[in-house]
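Please read the following report alongside the sequence and the model.

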Amino acid sequence: MFDQVPIFNGLRAALRESARLRGTAVFLVALMVVLTVTGYEAAHMMRMENRRAAHELSAKLVAEQIRVILHERLDMAKRLARNPTIIQIYDQGSPNALDSRTLLNTVNEMAATSLIYTLSDTGRTFASADSLEAPLVGKNYGFRPYFKQAMNNEISIYPAMGAFTSKRGVHLAVPIYGDKHDTPLGVLVMKIGMEEIDEILASQPNKMAMASPEGVMLSTNQDGWLLHSLAPLTLGVRQRLRKSRQFGPDNIPPLQYDLSGQRVRMDKEWYNIIRVPLSIPGWNIISCQANLTPAPLTLFQTFLITGGTSITGGMATLIFFLAVNIQNRKHTERKLRRTEEKYRSIFENAVMGVYQSTIQGRFLEASPSMATILGYDSPADLIESVQDMRDIYYDANDRDVWLRLLTEHTQFTGFETRYLTKNGDPIWVSLSSRLARGEEHEGEFIEGFCLDVSEKKEAIEALRRERDILSRIMTTSPASIVLSDARDNVTYANARAEQLLGIRPLPYGGGFTRPEFSIFTLDGAPIPEDETPANRARREMAMVRKDRCVLRWPEGREIIVSVSIAPMFGPGGDVVELVSLYEDITPIVRAEREAAEQQQQLFEADRMIAMGVLTSGIAHEINNPNTYILSSAQTLADAWEQARVILDEFYEENGDYELGGIPYSILRETLPSLNTRILDGSRRIGRIIKELLVFSRRDMGEATEAVDLNRVISTSEILLSSMIRKSTDHFNMNLCPGELVVQGSFQRLEQVLINVIQNACQALPDAGRAITVSSEKRGELALVMVHDEGQGISQKNLGRVMDPFFTTKRDCGGTGLGLAVSSTIVHDLDGSIHFDSHEGRGTTVTLTFPLKRGIDSSGDFDAE
């Protein structure tokens, strides 16, 4: 094969001609072959390294593009959160729908974002730009982590699916502060649609995805990768993501490829995997590039390249590859320089302080934020002024502890201590540091981040102080305070609650016993389980205030309480705990009832006095015209008897004629009866008026006269005749013969009989039932019985019929005073009143009085 290659034939001839040069030629050929092969392999390795570096650089450029997008929008969100219009809607307590929506819509269009909305301090949407997917005002975002971080004075960047719109995006949450508020009034959320990031990834030739800390891909340029995980997720991670709804409610399936390593085989090819961190904590850009390994050379090609390239173009090829490599390196260096400039910009503009120092405590580098935190004008001022970092420690011993931890662990985060500013004011800072090594002659130095956490510390101390105050208040409160979970298990009860409600702590810190009382209304009706104050607070998700109810224990103990219950909400917006306050108001309610009864008594007494005065006035007004009627009717009767003689003679001589349109033959028979009826009616009106005047007359209640009970009964019948006729067709009076004389007051006894007969009339269901009033003398006693065939009185109410203001007819005008007053009158006259009643069979009221001694009941006695 070599014989057919001219270049090797010439080489062979040259070697034959000079044996002296043979060894040198062999050496040169071998050297050329070695150089060629080495150059080829070096070029190949350099191509692969350049490919890897370009691959990594492309991923970093994507990450940088995303960082720029987030930085620009975050800066706009911060400015918007300080806008007076936004702050004003929180100060006023209710948004001006037009102003806030117009502002948010304008900023949303300028920023080219997906959505902008604001949240109240409880997580509910306060105002929102127009949303095409779903109305957001009133929605609860309290379960979102970005809301909680922002309410803790932190700016949050949270990529997620929309909780109500189901649209992907990056949520930028910024706290909103008022002019006079140290704590956030609410949160402004700017949502960047994931379409911008999708376009960036779609422009890349490699397979790329934006992955969360759990490995879930929220954006990608590959079909079938979206909302898939790089590797199978654990059960705990799946539950946490489902609860936060960061990636929607559906399960997140893993890819069929495992992208958690450095290489992966996809579509029958091997791919190298690069991960570049994003400015969002824990998030990465995952980039997969095909591993295009050059195909192996054939033996002839290897010989041809090895020989021909070694002889004719080995050095040129080597120089070519070196030049290419140099150009690639220059290009890479330019990109790295630009990246370094960007990172330098981040260093100079970072919110937290960034610094480098010697182990001995001298600053080497410091960011402007570091100088600002410590109160210096510039980093140069800080580096020049502070020669030993122990001088800026409030307690120099903290410096020794910090150095010891740094030496032991090389790096650590979250070391909290106090620094002194340039003015000598102490501030709380959190340090994150690591030991770094420079060039050989530089030795070790310290790199660190410094975050001012003074406000956080003050907030924690204020919270601790508030908790201490709240604990003392709950412990010493005269009201009963109870905390219970979603299953009604008591988790806390103060001493007053243990005493009032009978709650006892379980042994070994196992909580408290459940209360054993039942809940009733003030009227004694049991409250349904779903209408108890606790269940109403859970159902309505709102506070129940001062709900009055009765608590009754199985052993019979009963108290009246005022209950106030406030629900406490969990991250998902559901009620997780109830805070209940019980106040024993039994004495207050009893006093209120007594006051109401006294007021009602005063009202009824005043009304009775007014009725007496009114009755007296009406009686007098009716009596005058009735007197005219009576006297005129008598005069007409006398005149008719005299005129009738003349009218009869005229009738006999001339026949029938008319008077007043009525034939005389009819009129002479009718007119006397009409006149008699007028006289009888007028006399009856006179009797009724007389009895009303007697009844309404003021009586001092002294038993100073002898009274005939039979006459009292007859007088009462006259006064109640209209009511009796309407109530029954069977009213009977069976009075004992003669007089039934007792010592008393006619008006007061009449009042008693009227009340008893009135009740009998009102008890009848229809006019077919009878009422019987009877009297008798039994030994030295006078008895009056009033029996009705009415509904009767229940055994429950029988013992209360003489209680003041007790009535079963309040809707019909009953006052509950009649029998109570009657009972008082009877007892004042040394008598008694007795009720015998059966439901459905009627009632008999028996009045018993001692007879007046020295009076002959057969004589003609007049109670008047």
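A search across the whole structure finds zero disulfides, a disulfide being a pair of cysteine sulfur atoms within 2.5 Å. Cys 288 counts as buried at 1% relative accessibility, and Cys 761 counts as buried at 5%; here buried means under 20% relative accessible area, exposed means over 50%, and partly exposed lies in between, with a 1.4 Å probe and protein chains only.

This is a predicted model, in which local features need pLDDT of at least 70 and side-chain atom pairs count only at pLDDT 80 or more, while totals for chains, interfaces and linings use all residues. Residues are numbered from 1 along each chain as its sequence is written, and side-chain values use heavy atoms, with hydrogens and water left out.

## Salt bridges

The count comes to 23 salt bridges, where a salt bridge is a side-chain nitrogen of Lys or Arg within 4 Å of a carboxyl oxygen of Asp or Glu. One of them joins Glu 64 to Arg 67, with the closest N and O atoms 2.9 Å apart. Both residues lie in helix 2 (residues 22–81), three residues apart, or about one turn of the helix; helices (H or I, at least four residues) and strands (E, at least two) are DSSP runs numbered from the N terminus. Within this pair, Glu 64 counts as buried at 12% relative accessibility, whereas Arg 67 counts as partly exposed at 22%. Salt bridges also link Arg 52, Glu 56 and Lys 60 in a network.

Another salt bridge brings together the side chains of Asp 400 and Arg 390, at 2.6 Å from N to O. Asp 400 lies in helix 11 (residues 396–409) and Arg 390 in the loop between helix 10 (379–385) and helix 11, so the pair ties together parts that are ten residues apart in sequence. Asp 400 is partly exposed at 34% relative accessibility, and Arg 390 is partly exposed with a relative accessible area of 30%.

## Positive phi angles in loops

Asp 488 is not a glycine, yet has a positive phi of about 65 degrees. The loop that holds Asp 488 runs between strand 16 (480–485) and strand 17 (490–493), and the residue counts as partly exposed at 32% relative accessibility. Asp 488 also forms a salt bridge with Arg 538, the closest N and O atoms being 2.4 Å apart. Because Asp 488 lies in that loop and Arg 538 in helix 14 (residues 533–540), the pair ties together parts that are 50 residues apart in sequence.

Leu 227, likewise not a glycine, has a positive phi of about 60 degrees. Leu 227 is placed in the loop between strand 7 (217–220) and helix 7 (235–244), and is partly exposed with a relative accessible area of 23%.

## Surface patches

Leu 614, Ile 618, Ile 622 and Ile 685 make a nonpolar surface patch of about 330 Å². Patches consist of residues with over 30% relative accessible area and no salt bridge, like charges being joined within 9 Å and nonpolar side chains (Val, Leu, Ile, Met, Phe, Trp, Tyr) within 5 Å. Helix 15 (residues 586–654) gives the most to the nonpolar patch, with three residues. Ile 622 is found in helix 15 and is partly exposed, with a relative accessible area of 42%.

A positive surface patch is formed by Lys 330, Arg 334, Arg 337, Arg 338 and Lys 342. Among these residues, Lys 342 belongs to helix 8 (residues 299–349) and is partly exposed, with a relative accessible area of 35%.

Key: Areas by Shrake-Rupley, 256 points an atom, 1.4 Å probe, with all protein chains shown as cover. Lys, Arg positive; Asp, Glu negative; His and termini not counted. Charge placed at Lys NZ, Arg CZ, Asp CG, Glu CD.
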